[in-house]
Amino acid sequence: MLEMFYPRRYEVSTYVIPFDYYHAQGMQGVIFDIDNTLVPHDAPADGQAVELFERLRAMGMKTCLLSNNKEPRVKPFADLVGSCYIHKAGKPGVRGYEKAMELMGTDREHTLFVGDQLFTDVYGANRAGLYSILVRPMNPREEIQIVLKRYLEKPVLYFYKKHARDINQDRE
């Protein structure tokens, strides 16, 4: 039952994800959450984010920002990194993920999703049939509703990590 919240991969940061590996495996697009995934909450796009999007474009990968936030937050960020975007996405509903793939011209089998929250980002990506990557939040300071969700995420992450360890031990 908890498996619907499990990401396919868990990374310490967006910036350590081996996107070149995924591209070589046939991935053509990446959908990103913004806050605490690419930058700390409410921060503008920084040099690291801009460089990542430039690198992805140079590889031939498409990108789309998918945020539940409002357009005044999302559009300036998207403009700085040069990506299409969807604001007020309604995550974990699948419609926003499907619209993002449509904008990028990709499909479920060739699209990654990267986000920092299990119950919105990862759950929605899994429901949409995407390869989901969970990253650790960049900054512990968050809005109260997100702080409350983090407490609920802890037991799910515990079982996810235990599940991942069990799978890896079975392979040995």
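1. Start with Thr111. Neighbours within four places in sequence aside, Thr111 is in contact with Met27, Gly29, Ile31, Met101, Met104, Thr106, Leu130 and Tyr131. The model is predicted.

2. Thr111 lies in strand 5, residues 111-115. Thr111 is buried, and its relative accessible area is 0%. Two polar partners stand out for the side chain. One is the side chain of Thr106, in a polar contact of 2.8 Å. The other is the backbone oxygen of Asp107, reached at 2.6 Å.

3. Strand 2 has two parallel partners to check. Strand 2 and strand 5 pair over 4 bridges, in the parallel sense. Strand 2 and strand 3 also run parallel, joined by 4 bridges. Phe32 has a bridge partner in each: Val114 in strand 5 and Leu65 in strand 3. From strand 2 the chain passes through helix 2 to strand 3, a right-handed β-α-β crossover.

4. Now helix 3, residues 71-81. Its buried residues are Arg73, Val74, Phe77, Ala78 and Val81. They cover an arc of only 110° around the axis, so they sit on the same side of helix 3. These buried residues pack against helix 2 (47-59), strand 3 (62-66) and strand 4 (84-86).

5. What follows helix 3? Gly82 does, and its phi is positive, near 75°.

Key. Residues are numbered from 1 along each chain as its sequence is written. This is a predicted model: local features need pLDDT of at least 70, side-chain atom pairs count only at pLDDT 80 or more; totals for chains, interfaces and linings use all residues. Side-chain values use heavy atoms; hydrogens and water are left out. Buried means under 20% relative accessible area, exposed over 50%, partly exposed in between (1.4 Å probe, protein chains only). The arc is that of the directions from the helix axis to the C-beta atoms. Contact means heavy atoms within 4.5 Å. A polar contact is a pair of N or O atoms within 3.5 Å; within protein, one must be able to donate a hydrogen and the other to accept it, and residues adjacent in sequence count only if both atoms are side-chain atoms. Two strands pair if DSSP finds at least two bridges between them. A crossover is right-handed if, with the strands pointing away from the viewer, the path from the first strand over the helix to the second runs clockwise.
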